[in-house]
Amino acid sequence: MFMFSYKSIICCVFLISFFDPVWAEAVLHNIQGYTSSSEGTREFSVLVIDDTGRVAAFGDDELLADKSSSERIDGGGLTVLPGLIDAHAHVYSFGLLKTNLDLAGVPSVDEAATRIRDYAIHHPHADWILGRGWNQVLWPVREFPTAAQIDAVVSDRPVWLKRIDGHAGWANSAAMKIAGIDNDTPDPVGGKILRDDNGSATGIFIDNAMELIVASLPEADKDDYRTALLNAVETLAAEGITSVHDAGIDLMNAEVYLSMADNDELGIRIYAMTGGAGDVLDAIGEPLYAYGNDHLEIASVKIYSDGALGSRGAAMIEPYSDDAENRGLAFWTQDELEAFVKKANDLGFQVGIHAIGDLGNRMALDAFEKAQQGKPSPLRNRIEHAQIIQLEDIPRFAELGVIAAMQPTHATSDKNMAEDRIGPDRILGGYAWRRLLESGAVIASGSDFPVELSNPFHGLYAAVTRQDRDGEPEGGWYPGQALTRAEALHSFTLAAAYAANQEDRLGSLEPGKWADFILIDRNYFTIPASEIDDIKVVQTWVGGEKIFDVNKAVKEQ
Ligand SMILES: [Zn+2]
């Protein structure tokens, strides 16, 4: 155990506030600029950045003429947007993809086995083979895999592979032996061990049952974290993401973030939600704001009200349409959930409750209503995913000021499965972006990477088209719920900043805010919607500093 304390770092906060200017005032011109603002989308062709890295002004050629003595940066006619904010994602897990076995998109269990075997051959010193990304729904036989299928290629070392959604894990027999799993091991609360007809574990562990294996994994150290986080932020900057709401970090991750902020290594900005069902909250005790020039805040706590829809772990008011005995799993009782929200809010933390099923969402709304005494809270509590909502519960988001933190690509990835699970009536409250917006709710968009790809243009494209990346279905899936381009951009910028109580500093290119922006290779607002998915980032700037340049990246290779 180590003590986590902000007290020792107060001096650093003080020093960093006397931030050296990177340069004198600079003027970015020859651009097609767009930003969300409190008055809707604004266009500009000139952006003035002051000597602290903040926006001084935006305007047109008249502004350029006024600034004739300032340093000039030619934007080459490119389109400029505010830096994109992913309002729900998992930075450390994403960074691990580069070092662990990545099974995302693998088309069959045989191909998965081949990759596992090859990875084991190339990593002879790894005590455990760890990986992520498999999805049996993509396989010809859409059944969960088994331990025996891994044993056939790796039996001498433990193997543990998380499903793409992080809500199930696949172990081999060696891993189950180390974890002490046998026929008598009970299912934990909120979890399930899949078993065969003899009662033996098959190798698949759902939701809380994953902990049975995870408890035996070798612990990552701070260097492992730092390596993964550096991998992640580098990739994200190149994709045009300037801030991430990290949905559930552990204590070591928090410590490594702090040291990375101190050493100016973060590059992008992190708004972190503590994880671990409140354990991390207890260790941290108080929120951290605006650390390291607004590169790090730890001011939110993430908990789960239920599981995922694909594995039927999402808590439903009525049984699943394709499993009449099953209503999924609620992870907390209503009383526990309310007590937790109240405690975290009293400590000054925003609460983000993962809720997928309509019961999970209703329990979260009920808990917020109680803790907030029926009114909006200045902490802006949030529901993460807000995926399936009873129509009568939709207006409660706006009434209670609860943010809907949603992921446009979840709709286009889930579209074939979701209606099987919940049927044609409940689907009307599923992925219901338009209904939520019309009720007055704020939608903050993200990707949930590594569950989905991190590229935010895939999310903007999904939000605008309701189509997957193959253009399916034609015309869009429940296209009435699509967002306009302006709404989609708002949800990935200013609304996302609002969801972190940061809209006074981030989320748009209005004067006084940090100059976090991107230059992209085509005009998001005027190209055919089908091309939004293909937009490439040319440069990424954070706080008036260029942190990614595609031309440099290409030259260095
Ligand atoms: Zn997530």
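Start by selecting K192 and I206: the bridge partner of K192 in β12 is I206. You're looking at a predicted model, where local features need pLDDT of at least 70, side-chain atom pairs count only at pLDDT 80 or more, and totals for chains, interfaces and linings use all residues. Residues are numbered from 1 along each chain as its sequence is written, and side-chain values use heavy atoms, leaving out hydrogens and water.

Next, select 191–195, which is β11, and 201–207, which is β12. The two run antiparallel, joined by 4 bridges. Strands here are DSSP runs of E, at least two residues, and helices are runs of H or I, at least four residues, numbered from the N terminus. Two strands pair if DSSP finds at least two bridges between them.

Now widen the selection to the whole sheet. This open sheet has 6 strands in the order β7-β8-β9-β10-β12-β11, with mixed pairing. Pick out β7 (101–102) and β11: both stand at the edges with a single partner strand each, so one side of each has no neighbour in the sheet.

Finally, show the entire protein. There are 20 helices and 23 strands to colour. The C-alpha atoms fill a box of roughly 80 × 55 × 50 Å along the principal axes.
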